[in-house]
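Please look over the sequence and the structure shown below. A short briefing follows, grouped by topic.

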Amino acid sequence: MPIFIATSPHPKCVTVDTPAGTFLDIVYKTPDVATNDKKRDRKGADTVISVHQPEDPDRDGGGPHKKKHQPHKKVNNKITNQSGKISHKVELDGPVQVCIFSHAAHAKNPVRLGFQIMEGLGDNEKDAENNEKEVKDHITRLYIHVTELTNVIGGVLREADYAKEREIEFHSLSQNMHAASQWWPIVHIFVLLLTGFTQASHMVRFFKSKRLV
């Protein structure tokens, strides 16, 4: 952004030729603007940006019956911040003059001023931008819902995997218990047979020792 030094309240102006309905964004930068109300000039803010359309004799073409347009009312924007943006809608075809000046500027008190003019967004473009934002917001919300659903599904799958592992452990334990239950009766029968054989042998020896047999 070009910055110049103002040494008098005389305005510095830029003229642009633009069709009606165009939105102009005036981006300004005034590092020396007075932000304290007590330091401002009595006329209002120290720095002012004015926008107006001077009378253009060629706006409606030639001919004896051409209608003469009055110059568009000047719009003064008082600057209270050191930087910002002003939006202006062009009402008529033709040149638009944008000026900036400071009441406090003089040779002993130079003031730094700067601005540049850019074409802004019109109603249709703003609507398109809003629609794009709505679509992006919708996609963002959809992405959040999909992410939440993915997390839920992931949790369900993890629970299923954990339950499967527990089932495998339980199945293995059941098989071990079943195998143990198969061997236990055999061991029990073997112990009973061994006990019976031992008791019979003891009784035979007892009868023989008493000469009862």
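Is lysine 85 buried or exposed? Lysine 85 is exposed, as its relative accessible area is 54%. This answer, like the rest of the briefing, refers to a predicted model.

**Overall build**
- Starting at the N terminus, the order of elements is β-β-β-β-β-β-β-β-α.
- Among contacts in the protein chain with a separation of 6 or more, 82% are between residues 24 or more positions apart.

**Surface and burial**
- The protein chain has 213 residues, and 21% of these count as buried.
- Its accessible surface is about 16100 Å². Carbon and sulfur atoms make up 58% of that surface.

**Salt bridge of aspartate 25 and lysine 85**
- The count of salt bridges is two.
- In one of them, the side chains of aspartate 25 and lysine 85 meet, with 4.0 Å from N to O.
- Aspartate 25 belongs to strand S3 (residues 23-29) and lysine 85 to strand S6 (residues 83-89), so this pair links parts of the chain 60 residues apart.
- Aspartate 25 is buried because its relative accessible area, 13%, is under 20%.

**Salt bridge of arginine 112 and aspartate 32**
- Arginine 112 and aspartate 32 form a salt bridge in which the closest N and O atoms are 2.9 Å apart.
- Arginine 112 is in strand S8 (residues 111-119), while aspartate 32 is in the loop between S3 and strand S4 (47-52), so the pair ties together parts 80 residues apart in sequence.
- Arginine 112 is partly exposed, at 38% relative accessibility.
- Aspartate 32 also counts as partly exposed, at 32%.

Note on methods
Residues are numbered from 1 along each chain as its sequence is written. This is a predicted model: local features need pLDDT of at least 70, side-chain atom pairs count only at pLDDT 80 or more; totals for chains, interfaces and linings use all residues. Side-chain values use heavy atoms; hydrogens and water are left out. Helices (H or I, at least four residues) and strands (E, at least two) are DSSP runs, numbered from the N terminus. Buried means under 20% relative accessible area, exposed over 50%, partly exposed in between (1.4 Å probe, protein chains only). Contact means heavy atoms within 4.5 Å. Accessible areas come from the Shrake-Rupley method with a 1.4 Å probe; for residues, only the protein chains shown count as cover.
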